[in-house]
Amino acid sequence: MDLLISSLSLGLLWSIMAIGVYLTFRILDIADMTAEGSFPLGAAITARQIVAGVNPWVATLSGFLAGCLAGLISGFMHTKLKIPALLTGILTLTGLYSVNLLIMGQSNISLLGRVKTVISLLPDMSTSSAAILIGVVVLALVIGLLVVFFNTEVGLAARAVGNNEEMSAANGINADNMKIIIYMISNGLIALAGSLMAQINGYADSSMGIGTIVIALAAIIIAEVLVANLSFGMRLVTIVGGAIIYRLIIALVLQWGVDPNNLRLFYALMLALFLSVPLLQKRIGQRRRRQKNIAEMEADQDD
Amino acid sequence: MTNALELRKLHQFFNQGTVNERHVLKGIDLKLAPGEFVAVIGGNGAGKSTLLNSIAGSLPVDQGQIKIEGEDVTYETVAKRARLIGRVFQDPQMGTAPLLTVEENLSLALLRGQKRNCWSFGVKKKQRQFLQEQLALLNLGLEDRLSAEIGLLSGGQRQAITLLMATLQNPALLLLDEHTAALDPQTSQIVMTLTAQLVAEKQLTTLMITHNMADALKFGNRLIMLDQGQIAIDVAGAEKAQLTVPDLLALFKHKSGQDLTDDRVLLS
């Protein structure tokens, strides 16, 4: 039961980050590595402010905005300077590593004790129930706003850019600006997840971003493999499910006694496996149809 | 009266400054009066696509000037000058966003040339009926398929919708880049007829590249033949109306001193 609750609370947080990654990954078809830097950036900004006594919600919001800024930088480099998307992400994430240390002044900040976090604002609840409550509320808000945004004039244009850039330009859409907007929202959400994660775990750490993109992609792929062809809003909801399932798998693996030091190897192997599932499914289907065909042809010959 | 399109001394070079340099457009001067429907023909490498891409903005201009309705657009991006231009590509996949619905695609086109904001929805309910009426004009039964993803439609259907999208906002200039070349003959004729109908109804100034000489003679009120980056033939009005394929070939031989030997042009 504990395992379920902790997986749920962490999975909800991961899904905010996975939704952020989904925007660049599926709308722009870019695996944006900036995620690995903006996640700890959100945590760093928030932790620093909370320690200084800033209202935790304000601190969380500034985490989100800092992430948007990181997205702006990556988006600018990718669109205006034409640097390949993968490199852009690596550049920003490398730079952010120093920036995060600068912000925190040390490699980690503890948020335990008397400081006010969004968790301690809900004093009558256990940490995991508070985390679940906050996760659900924030997710509902995020999904609702995203669905509305991507149906506005600008949002529709942004989707068109990801889908067919040439057509977008012919219809007067500035593709660069749309891409930058998506980069910003995406990294803002990833940083928001980092910010909440720091408050729930009780610390921000400069290395907490390692594996961000792998976790997020795994959640997305699980969602896509389990339920295919969904509308945008429903897809976001299933990503939440994907993230929780993924966290549950990890928790079970840890319980089996896998050394936590080996966890990232496990993340990578799992994602490689998930990414190959659609192909495997196709191959298996093909093979079945082929065998059926062979059997039918043989039966036909016998007649 | 201002010209709908004015090209002055337009030059394009490929690989400029290298041994592979090619002078693709050699000082094109062209004026289109409002409402003119011009068919552009020419062999492979004559510079037809280069000309169209230069006007649309997808190819930066090396030398010369481009004005649309009197506005100098020479150095504007594709997206910027889209306020004045409707465009249909040769590849039916290119003019629409496959994962968006028919309605979403049309709604995007409705906002061409306008500022897009975050406080109104991209697809507006009150426009639905208008869009349905427009689709009904195509006579392809698409008016009931507003919520279908465009990627699920056939090439001909997509091309017809692209044509509609390009003309919804009455562009100052309609560019058609061999827009029926990738379709089967029957669909090609349907789309061509639709084109003529839309152009006539909205009195659009149109520049249409085609490989099909019969189409070039049948449609439009002016015909231009490009040869080696220059305008070799330019006929309009009654003179154009009386022209036949053999006339055109003779004219070409007379002007350029050689036979028109491009199979793709002759056969179609």
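pLDDT is the predictor's confidence in each residue, from 0 to 100.

**Entry: ground rules.** I am working on a predicted model, where local features need pLDDT of at least 70, side-chain atom pairs count only at pLDDT 80 or more, and totals for chains, interfaces and linings use all residues. Residues are numbered from 1 along each chain as its sequence is written, and chains are lettered from A and ligands numbered from 1 in the order in which they are written.

**Entry: confidence.** I checked chain A, and its mean pLDDT is 92. In chain A, 99% of the residues score at least 70. I then went by element (helices are DSSP runs of H or I, at least four residues; strands are runs of E, at least two; both numbered from the N terminus). Helix α3 (residues 56–79) of chain A has the highest mean, 97. Helix α11 (residues 263–302) of chain A has the lowest, 88.

**Entry: helix α2 of chain A.** I looked at residues 35–51, 17 residues in all. From first C-alpha to last, α2(A) reaches 24 Å, close to the 24 Å expected at 1.5 Å a residue (that is, 1.5 Å times one less than the number of residues). I find 16 of its 17 residues buried (20 or more other C-beta atoms within 10 Å of the residue's own, with C-beta atoms placed from the backbone). Just after α2(A), Gly53(A) has a positive phi of about 90 degrees.

**Entry: chain B against chain A.** I counted contacts (C-beta atoms, placed from the backbone, within 7 Å). Chain B gives 26 residues and chain A gives 20. On the chain B side, α2 (78–81) and α3 (102–110) each supply at least two residues. The largest share, four residues, is from α3(B).

Notes. Two residues are in contact if their C-beta atoms, placed from the backbone, lie within 7 Å. A residue is buried if 20 or more other C-beta atoms lie within 10 Å of its own, exposed if 12 or fewer, and partly exposed in between; C-beta atoms are placed from the backbone.
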